[in-house]
Amino acid sequence: MRITACLNGDRRPGAHPALPVSAEQVARDAAAAVAAGADAVHVHPRAADGAEALDPQVLTPLLERLRAEIPGVPVSVTTALSAQPDPWLRYDLVQRWGALPDTATVNLHEPGAVEVARLLVDRRVGVEAGLESAASARLLAATGLAAEFTGVLVEPAHAAIGAALEEAAAIDAVLDRAGIDLPRQMHGADGTAWPVLEAAVAAGRDVRIGLEDTLRTSAGAEAADNAALVAEAARLVSSAESRR
């Protein structure tokens, strides 16, 4: 089971004392998360004012810092509309990327997602399809692009734990019926983050954790930082693997 550290997401600067925003902070946090047990990192690039940004002049120095700090560790970058709300401007920015991440996440429920996914495939960037619902999974099957992607994020968009786990099962069912056997990483958000992670670990799935997904430990206390969240997830994974 692989652990991805999702370091900042779309959280506003200051949402947590240890939330990394600048390229220097993200790179330092990434190194600490990898030391704590992360196999990969996922980041939302930030402009100088702390806002999310997909501009090449923002992404390039971030990737340079990350690759200097965590050489050989896969780096995933968002393409979410939270970073650039205009789908066509987003496409243009991704088209102009000079430095390229190892993978990029594409939320298939968002307008323009299929087009930006095809662009990333053409640019030889691994695509991780973000599936928030069974409808998103059906869209993935309908595009015929699954064979070109590197993975799937099963990320149910429900605040209630039971509903989130039911949606995750529905997504899996659609993927199974369509014969899509890409690696599946499951994760929740805030109140569902730890229950979904625990379900993923029990199923032997890849997982992710970090301040993007939750600001709290599984016990409900405020997390110290990304490394502390990753270390807790790593202990859960290690315990599950030792029982297999």
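Guide: Gladly. One point before we start: this is a predicted model.

Visitor: Let us begin with a single residue. Why is Arg-205 called buried?

Guide: Its relative accessible area is 17%. Buried means under 20%. The value falls below the cut-off, so Arg-205 is buried.

Visitor: Where does Arg-205 lie?

Guide: Arg-205 is in the loop between α7 (193-202) and β8 (206-209).

Visitor: What makes the pairing of the Arg-205 and Asp-172 side chains a polar contact?

Guide: The distance is 2.6 Å, side chain to side chain. The limit for a pair of N or O atoms is 3.5 Å. Arg-205 and Asp-172 therefore qualify.

Visitor: Which residues does Arg-205 touch, not counting those up to four places away in sequence?

Guide: Arg-205 touches Met-1, Asp-172, Arg-184, Met-186 and Ala-200.

Visitor: Now Pro-56. How do you know whether Pro-56 is buried or exposed?

Guide: Pro-56 has 12% relative accessibility. That is under 20%, so Pro-56 counts as buried. Pro-56 is in helix α2 (residues 56-69).

Visitor: What is Pro-56 in contact with, beyond its neighbours within four places in sequence?

Guide: Pro-61, Leu-93, Arg-96 and Trp-97. Pro-56 and Leu-100 are 44 residues apart along the chain, with 9.4 Å between their C-alpha atoms.

Visitor: Which residues make the contact between α1 and α2?

Guide: From α1 come Ala-23, Glu-24, Val-26, Ala-27, Ala-30 and Ala-31. From α2 come Leu-62, Arg-65, Leu-66 and Glu-69. The residues of this contact of α1 with α2 divide into seven nonpolar, no polar and three charged.

Visitor: Which residues form the contact between α6 and α7?

Guide: Ile-161, Ala-164 and Leu-165 of α6 meet Pro-195, Val-196 and Ala-199 of α7. The residues of the contact of α6 with α7 are six nonpolar, no polar and no charged.

Visitor: And how do you know that α3 is roughly parallel to α4?

Guide: The axes of α3 (residues 87-95) and α4 cross at roughly 5° and come within 10 Å. That angle is under 35 degrees, so α3 is roughly parallel to α4.

Visitor: Which residues of α3 and α4 meet?

Guide: Arg-90, Tyr-91, Val-94 and Gln-95 in α3 meet Ala-113, Glu-115, Val-116, Leu-119 and Leu-120 in α4. The contact of α3 with α4 comprises six nonpolar, one polar and two charged residues.

Visitor: What makes you call α4 mostly covered?

Guide: Seven of the ten residues of α4 are buried. They are Ala-113, Val-114, Val-116, Ala-117, Leu-119, Leu-120 and Val-121. These buried residues pack against α3, β4 (103-107), β5 and α5 (134-143).

Visitor: What follows α4?

Guide: Arg-124, with a positive phi near 65°. Arg-124 has that positive phi although it is not a glycine. Arg-124 is in the loop between α4 (113-122) and β5 (126-131).

Visitor: Why is Arg-124 called exposed?

Guide: Its relative accessible area is 78%. Exposed means over 50%, so Arg-124 is exposed.

Visitor: And why does Asp-190 count as partly exposed?

Guide: Asp-190 has 44% relative accessibility. Buried is under 20% and exposed is over 50%. The value is in between, so Asp-190 is partly exposed. Asp-190 is in the loop between β7 (184-186) and α7. Its phi is positive too, near 50°, in a residue other than glycine.

Terms used. Residues are numbered from 1 along each chain as its sequence is written. This is a predicted model: local features need pLDDT of at least 70, side-chain atom pairs count only at pLDDT 80 or more; totals for chains, interfaces and linings use all residues. Side-chain values use heavy atoms; hydrogens and water are left out. Helices (H or I, at least four residues) and strands (E, at least two) are DSSP runs, numbered from the N terminus. Buried means under 20% relative accessible area, exposed over 50%, partly exposed in between (1.4 Å probe, protein chains only). A polar contact is a pair of N or O atoms within 3.5 Å; within protein, one must be able to donate a hydrogen and the other to accept it, and residues adjacent in sequence count only if both atoms are side-chain atoms. Contact means heavy atoms within 4.5 Å. Ala, Val, Leu, Ile, Met, Phe, Trp, Tyr, Cys and Pro count as nonpolar, Asp, Glu, Lys and Arg as charged, and the others, Gly among them, as polar. Axes are lines fitted to C-alpha atoms, for helices over the stretch in contact, and angles run from 0 to 180 degrees between N-to-C directions. Angles under 35 degrees count as roughly parallel, over 145 as roughly antiparallel, 65 to 115 as roughly perpendicular and the rest as oblique.
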